[in-house]
Every structure is written in structure tokens, then in C-alpha cells.
Amino acid sequence: MASTLFRTIQIHPFLLYPTAICRRRNGVLYCTMKSTQTQTATQEKQQPPKVKVSQHTQSKTPDKITRDYEAIIGIETHVQLSTLTKAFCSCPYNYGSQPNTSICPICMGLPGALPVLNSKVIEFAVKLGLALNCKLSLNSKFDRKQYFYPDLPKGYQISQFDIPIATGGYIDLDLPLEFGGGHRKFGITRVHMEEDAGKLLHSGNGDYSQVDLNRAGVPLLEIVSEPDMRTGIEAAEYAAELQRVVRYLGVSNGNMQEGSLRCDVNVSIRPVGQSEFGTKVEIKNLNSFSSINRAIDFEISRQALLHSQGHDDQIVQETRLWEEGAQKTVTMRKKEGLADYRYFPEPDLPEVILTQEYVDGIRNSLPELPEMKRRRYEKMGLSMQDVLFLANDVNVAEYFDATISRGADIKLAANWIMGDIAAYMKNEKLSINEIKLMPEELVELIASIKGGTISGKIGKEILFELLAKGGTVKGLIEEKDLVQIVDPVEIGKMVDKVLSENPKQLEQYRGGKTKLQGFFAGQVMKISKGKANPVLLNKILLEKLNAKS
């Protein structure tokens, strides 16, 4: 058995591998990888001559050439889980901590150190599997995925291969109106648990790289989509919806800039009408949804141009990087196949066995997910633009729900949150959880304007003070004497005063310059310090302006 198992392992010359130099400084372990060869995107230049696709040429090709081809797009998404400790040891992981300060013999893969599975990883995997409408495997297992990389200390990754924890799901999403709108449904092939590798910190001149193992052993869930996407927009929106789902579930913060959500995109093209898939190319280094969209569009154009020129043999299965500055993909390395990984069952971990009772308990604890929330908001009569904005952020959705649950007008609440409140948060760089305005005070503000206690203009003034300093609507109205004037007699006196003080403008108005009504209304508002009821003011003003002298 052992001889059969290890017969496929190839021995490579040791000198081809980078040499590790580790030293401890001030209690911190630093590992430096001194490489005998530098691997950069310039490897493209060392390969046989290829047809070069200039950006200028490509910019002319999409409409003309790509319409003859169909793109097939799938995404592998790695979600870093928000557990207190790593997947198989008690080390914590805090983004941005000093290199090699959260490591132990287990996550470093030292001989004799045995992994112990963090049960929270299973709980989060089940949550996400259910949220993505997958079929759960009540019996799954871990496997060893063998490959060499400087930041993988064990020389293998603990992952799941043939029996993942969840399979055969789907995700629903709505495209934004600016991208044509419409509902989309994309298949999910599998969700499986695995551990992360470390991180290489590259030197400026490229002579060496330093290794930070803090991230080694951090729990991940990999979500593999079906190849159901056809455009960069669809792929970007799929990734954005996954981010919303993991945030709603609370299993990950989903921050792409921290590496908590990482997407590898697989792109191939085929002539329209052909059923057979083309050669798949993987794109890495995508750190934003807009990058996903642009990288895919570039790659589709690149492959379509090669096809149209009869050079489709130059489209090979490889991993390419997205260069943000140059706005293009470049070769990184040839893509490994399944045989290269030499999977076999992880001997140090038992099977993962779930009971139906455990699964049902998690199912019953799931929150309302983005798709459910969007459908509920639609039924309330909100437009799709409102729905997409409010459901995009779980905290904004919760704030909106808290506001309308206290009796606020649904459309007015949405308008205030999407308008002035969103603008304030953007200007001050705050989240909705950081503003001082509580949902119950937004309810009171809306009611005070709707009921005529204060004008809309005064309402805005109060709003910004509440956002910045907090307090209550009633308290501010009383403190600043902001109650709206609704007495017709009092407003009439103000109108008379303004008309008597501006005889020239009054004569011009009665001579046909009716736009001066706004001037008179502004003067009355100035006298009333903004407290005159606008509807009543304009009614009385028109009566007096049009009265026969």
C-alpha cells in the first residue's frame, strides 16, 4: 500500500528550490527565502515568440471580434473565516500583526505536531452551504494536497478533495440597473474546508522574499462556481453577492483588501454555437470587483483576437496575473493538474460526521439573507434601485428595518437613508453603526415633518446635528424653538410686512414677472427664521399678490 502510494512522488533536485534562512530577532522569527531564480511576469518574454496583443489593438476588437465568441467564466472564491483561532491549532490570527508572531509547531508543520480541528470551522461551513442552497455531506473528510511553495511550511495543504462538505447549490442575485438589470442564478459546484498558506513579502529589487507564516493554518472555505457566467459584469456581481452572503451570515468580514475574500477567475471562449469548452485560463491577483470585471473583459478580448488570427494554439492552460497599472493580464506560471497534487486522505484527522439534528439547528438559526431581503423590500413597493442599495450592506438593512418597524413611512425612511444620511457617512467616512442618529429618532424626525411640526428644511438642519452629536428630535425642537408656524394670521402679517417693504418688486410681479413669487416667499421665510409652513405661506402669499390693489 505504502509503496503504491508513494510511487508517484517525483524527486526534484533540491537546488531548484529556494533556500530558507530563518533567524530570530527581538523574539520574532523571520524567514528569508533566497531564490536561485526570480519568477516575475517578465517570464512571458522568455517564452517562444507569440502574437502580441496590444491594448490599442484590443480596444478596437471587443465589439467586432468578441461578438463571434461566447465566454465561459467560473470563479473559485476563498473566504477567510472569522474564527478566534486557526483551523487546526490555538493560534489567533489578526490581520496586520507583526510577521511570525502567531505561529506554533502545528501551523508550521513541525514533525510530531498533530492538528486538532476547530469545530467553529464546521459550523461556518454548514452555514454557508445551507445559505448557498447546497446539499450537505453528513460524512466528509480531509485530504492532503501536495505541492511546494515557500510559504507552505508543511509541503502540503490540508483541504477536502473528493468528499467536500457541500455540493450542488446555487446563488440568486439582481444585476444593478446601470448594467441592464435583471435576475441571475448561478450554480455552485462545491464548498469545501481548507487551511491557508503563509504570505511572501517581496523585496523591492526582487532578489529575495521574506516569509510571514502568521496566515498559515487560517481556516478558509473555498466556493467553486459552475461555469455559468458569460460577462465580466456577471462575474463581478456574483463575487459581490458572495461577499454580502458571508457578511450577513457573520462567518467572514469579506474584506478583499485584507485578503479575507479572494477570487481566482477561470476564463475560456468558444465560437458561438459550439458546445465544447475552450482552453481555460486562470486569472489571479484580483483585489476588487471592478478588477474582476476589467480583467475578464481583457482576457476575453485577448483570447478572441488570438482565435480570430488563427493562433488559438497559443491559448494554453496557465495562471495569469492581472496588472492593475497596465490594465492587462500577464503569464505567471503553467497551471498544475490534479495529478500534480497527489491527493490522499489526511491520516491525522478523523472524518467529519454531522447529524441531521445539528444541521437543522443551524438551518433554523440562519438570518434573512440578501436575496430574501430584496424580495421583501420589493413587496413593500420600493424600486429596484432602493432595494439594491438598502440590501447591499447588512448594517444598513438592519438600520432600515429598525426604522420602519417603529412605524416610519417606508419610502420616506428609504429616501432619508439613501440621501442625506448616506452622503454624511460618505463625507465623514463612517459606517451606519458609527453615526449618532438612532433609528427611533429618524422615525420621530420623519413624523415631525410629515405632521407639520417642523418644515423639511429645518428637518435637514436637525438631521445633521443628530448625526454628528446625537440627542433627540423633540429636545432639539424645543431647545432651538423650531416649531413650525401654522397660524394663518401670523403668517399673513409677515407677508404684509414683506410686500410693504418691497413695493417695486410687487409692482413688477403684478406687471407679469410672476417668478418674483419665490423672492417674496424667501423674504417671509427669512423673517420667520424658516419656521413658516411652506404650503400655508405660498397659499396666503398668492392670495395677497393677486389681490386687486
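C104 counts as buried, with a relative accessibility of 16%. C107 is buried as well, at 4% relative accessible area. Keep in mind that this is a predicted model. So what about sulfur bridges: how many disulfides does a search of the whole structure find? The search comes back with zero.

| Cysteine | Relative accessibility | Nearest cysteine sulfur | Distance |
|---|---|---|---|
| C104 | 16% | C91 | 3.5 Å |
| C107 | 4% | C104 | 3.8 Å |

A disulfide needs two cysteine sulfur atoms within 2.5 Å, and the 3.5 Å from C104 to the sulfur of C91 leaves C104 in no disulfide. C107 is in no disulfide either, with the sulfur of C104 at 3.8 Å.

Now for the strands. Strands of a sheet pair through backbone hydrogen bonds, in a parallel or an antiparallel way. Strand β6 (residues 143-146) is joined to β7 by four bridges, and D143 stands opposite S159 in β7.

Elsewhere, β10 (residues 199-202) and β11 (residues 208-212) also pair in the antiparallel sense, over four bridges. L200 has V211 of β11 as its bridge partner. Together β10 and β11 form a hairpin, with five residues between them. In the turn, G206 has a positive phi of about 80°.

On to a pair of helices. Helix α13 (residues 410-428) packs against helix α14 (residues 439-450) at an angle of about 110°, and their axes are 11 Å apart. That angle makes α13 roughly perpendicular to α14. On the α13 side, the contact is made by L412, A413, W416, I417 and I421. From α14 come L442, L445, I446, I449 and K450.

Finally, how far can you trust the picture? The mean pLDDT of the chain is 86, and 87% of its residues reach 70 or more. Residues 1-22 stay under 50, and the model gives them 25 contacts beyond four places in sequence. The pLDDT is also below 50 over residues 24-61, a stretch with 80 contacts beyond near neighbours in sequence. Where pLDDT is low, the predicted coordinates should not be read in detail.

Conventions. Residues numbered from 1 in each chain as written. Predicted model: local features only at pLDDT ≥ 70, side-chain atom pairs only at ≥ 80, totals over all residues. Heavy atoms only, no water. Buried < 20%, exposed > 50% of the residue type's maximum accessible area, 1.4 Å probe, protein only. Pairing = 2+ DSSP bridges. Helix = DSSP H or I, 4+ residues; strand = E, 2+ residues; numbered from the N terminus. pLDDT = per-residue confidence, 0-100. Contact = heavy atoms within 4.5 Å. Axes fitted to C-alpha atoms, helices over the stretch in contact; angles between N-to-C directions. Parallel < 35°, antiparallel > 145°, perpendicular 65-115°, else oblique.
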